[in-house]
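Here is a friendly tour of an interface and of some charged pairs. Please keep the viewer open while you read.

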Amino acid sequence: MEQEMAYDALGNSHPITDYKDDYDGEKFGFWVFLLTEMMMFGVLFLLFAINFYRHSEIFALSSGSLNVWLGGTNTVILLLSTYTMGLASLKMRQGKVRVSAYFVGVTLLMAIIFLGIKALEWSVDIGHGIYPSSKILDAKDHGEILFFGLYFVMTGLHGLHVIFGIALMTWVLLLIRSGGIRPEHNIALKNVTLYWDFVHLIWIILFPLFYMIGV
Amino acid sequence: MSSFYHETETVFGTHKNPILQWIFTIDHKRIALLYMGVMFTLFFLGVSAAVTMRAELFFPGPQFLQPHTYNELFTFHGITMIFLFIVPGIPAALGNFILPLMLGARDLSFPRLNLLSWWFYIVGVVVAYSALMSGNGFADTGWTFYAPYSLRTDSHVLPTLIAAFILGISSILTGINFVVTIHRLRAPGMGFFKMPLFIWGLYSTAWIQVLATPVIGITLLLVILERTLGIGIFDPTKGGDPILYEHLFWIYSHPAVYLMILPGFGIISEVLTTFTRRTIFGYHAIAISSASIAGIGYLVWGHHMLTSGISDMARIIFSLLTFLVAVPTGVKIFDWIATLYKGSIILATPMLWILGSIINFTIGGLTGLTLGAIGADIHLHDTYFVVAHFHYTILGGVMFMFIGGLHYWYPKITGKLYNEVRGRIAFGLMFVGFNTLWFPMFIAGFLGNPRRYFDYLPTFTIYHQIAGIGALLVASALLLVLYNFARGLKEGKEAGPNPWNATTLEWHIPSPPPLKNFSKIPYVDFDPYEYENGEPVVHFDENFRRVM
């Protein structure tokens, strides 16, 4: 489409941003959206910090009962997945559409494995009677109730983001197939990559907070 | 010429059915009208709740309400007016309509996202009001949902909390849309400091929407999880901390009042320049003070908690910061008064509402400082003084500005003129009624009448009765405004593109505007409010090139 122009009084032309096809605008909008996500998780980190300050020893003890190997495996999986997602974005810009779709698929697979391991961990905890309002947990010390309350809320909210990420990647794959994402029009892939980076970044902070302080 | 009322673009392309054309439209002007229609219906519901409470309080002792019903009623009033009306408020209704027009843009950056946020808003409304018809009655917690009561009450808090969360999403999406639009879609040549001041107000507001709303979103989500799963974070029996809830609640809800007022301040600057026929005094100071109110407003939430047992050091810091917010606000008020000086003042209806709002807001703002002072607050906390202060800023301030703005842009939105005489009478009635309603409450509060009580001591009767009469005047004034707008649609004269001789870009296109706003996008190398001998300086030819 022809570039639309505005003309000043002297007749000089100035280009007009087309709101229907504005790569920078869409990327900027997504960054602003990530800011809101950051504020939301920020509140939870603040709550963790305050309660950790009040119950330091019991938090460390409770943390010891989580399986650091499963959590660590998940951390490695997310780190690898954010790398493959980055490669998908890069390959798309280089015009290698098939390779790009392949990397999105690999990322998708790793996200599902992450959720599987997470579900395993939760079911072990719940099997031991550790879940909000359970008789076993409510009989324990306040610090332990708060630790596991925050654990389930924060990893749960992160898990919801992973599920949402899986949905987004499926959508991206469909778009690549239908030609909605092309090397010259790849903003959706770019933004999903940003989103996935954010999701992995949150986990990078969650992992030491919940799994490492008791090691 | 065909306007946006005749043709539209929907998210699925085109429809023949007019209802589908409206509810799936992605035209910012139609979405603004959708918001307006729903919001003002709810506003009048909120007003009815308020008038009912005033009637109950006309005499001491129980009249026709149960105490528990009274608690539900003020919660209903608060939730409707705050979450459903004034928070989406000026940005969603007037901002949506005017922002792209003022910027010289064809729409917002993300038109479909804009429709999505309206749908989120509607879902929020439905969920909030579903609590009226289900469970043990509406929430009775007040709009603040303070823990631990909100965790324990058996009234139906859950739908209301979920609704507030959904409305938060709607507000965030609007905020993102506005920030990106203002950054990306200004007409060529229009730098940030060539934008009209209404846009500066919307811009600061949009950042508050984006940065503060997630805080209340997650906090209310935690209360939801507390009620459903019992996670313990705000529950003192499990080691949780209810004061933390208050902190998190006010980290959003204090900036939220600036979110309400900043676009209103923007309207003042627009109306004031138009009806004094001169440029604004201190453009840069007003623009920057909007941004700094948004910034400092983040750091003052603790003044809601001066009696909640926070440390003396924290109280001193929050009190000091509260006083600091008054500085940029004062700068604005002085700038507006200086704008009036030697202007050709025309007392048209929008101008009357704006001048009225400046008077009311000054009273509301200064009593806010009284409350921000640590010593005075111990006496005045949770009394009618707070209620009066709040309504002076929000009803006397924001609502007056909102109604002023509606009058100002009414010709642009409808293409018709309302009846000027009726408009002025409505304003007079409202101004008198408003002050009759709220000023006695300052005195009652100062003498110790607590807020949110179903009953009061007989010594306070006179204040409640004066307020009751004021409430009737306010309600009739609002109905008169509504009537005037409705009559204007039928019998109003054609407005033409620029009935007020205003200068900003929206007045250079036909009223009502065509679907894509501008046939050609203008080049903007001039300041927003330029007058010479009472006439706008800037003119365009039919191709939107400036005529020198």
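The report below starts with conventions, then turns to the interface and the salt bridges.

## Conventions

This is a predicted model, in which local features need pLDDT of at least 70 and side-chain atom pairs count only at pLDDT 80 or more, while totals for chains, interfaces and linings use all residues. Residues are numbered from 1 along each chain as its sequence is written, chains are lettered from A and ligands numbered from 1 in the order in which they are written, and side-chain values use heavy atoms, with hydrogens and water left out.

## Where chain A meets chain B

Contact (heavy atoms within 4.5 Å) involves 40 residues of chain A and 46 residues of chain B. The size of an interface is often given as the accessible area lost when the parts come together. Here the buried area (accessible area, 1.4 Å probe, lost by two parts on being put together and summed over both) is about 3,700 Å², and carbon and sulfur atoms give 73% of that.

The rule also finds nine residue pairs in polar contact across the interface, both residues at pLDDT 80 or more. A polar contact is a pair of N or O atoms within 3.5 Å; within protein, one must be able to donate a hydrogen and the other to accept it, and residues adjacent in sequence count only if both atoms are side-chain atoms. On chain A, the side that touches chain B draws at least two residues from each of β1 (5–7), β2 (13–15), α1 (23–54) and α6 (142–178); helices (H or I, at least four residues) and strands (E, at least two) are DSSP runs numbered from the N terminus. The most comes from α1(A), with 17 residues.

## Salt bridges between the chains

Five salt bridges (a side-chain nitrogen of Lys or Arg within 4 Å of a carboxyl oxygen of Asp or Glu) link chain A and chain B. One pairs B:E9 with A:K20, with the closest N and O atoms 3.6 Å apart.

## Salt bridges within chain B

Over all chains, the whole structure has 17 salt bridges. In one, B:D235 and B:R152 bring their closest N and O atoms to 2.9 Å. The two are 83 residues apart, B:D235 in the loop between α8 (197–228) and α9 (242–276) and B:R152 in helix α6 (residues 149–152) of chain B. B:D235 is buried at 8% relative accessible area, whereas B:R152 is partly exposed at 46% (buried is under 20%, exposed over 50%, partly exposed in between; 1.4 Å probe, protein chains only).

B:R424 and B:E420 also form a salt bridge, at 3.3 Å between the closest N and O atoms. Both sit in helix α15 of chain B, four residues or about one turn apart.
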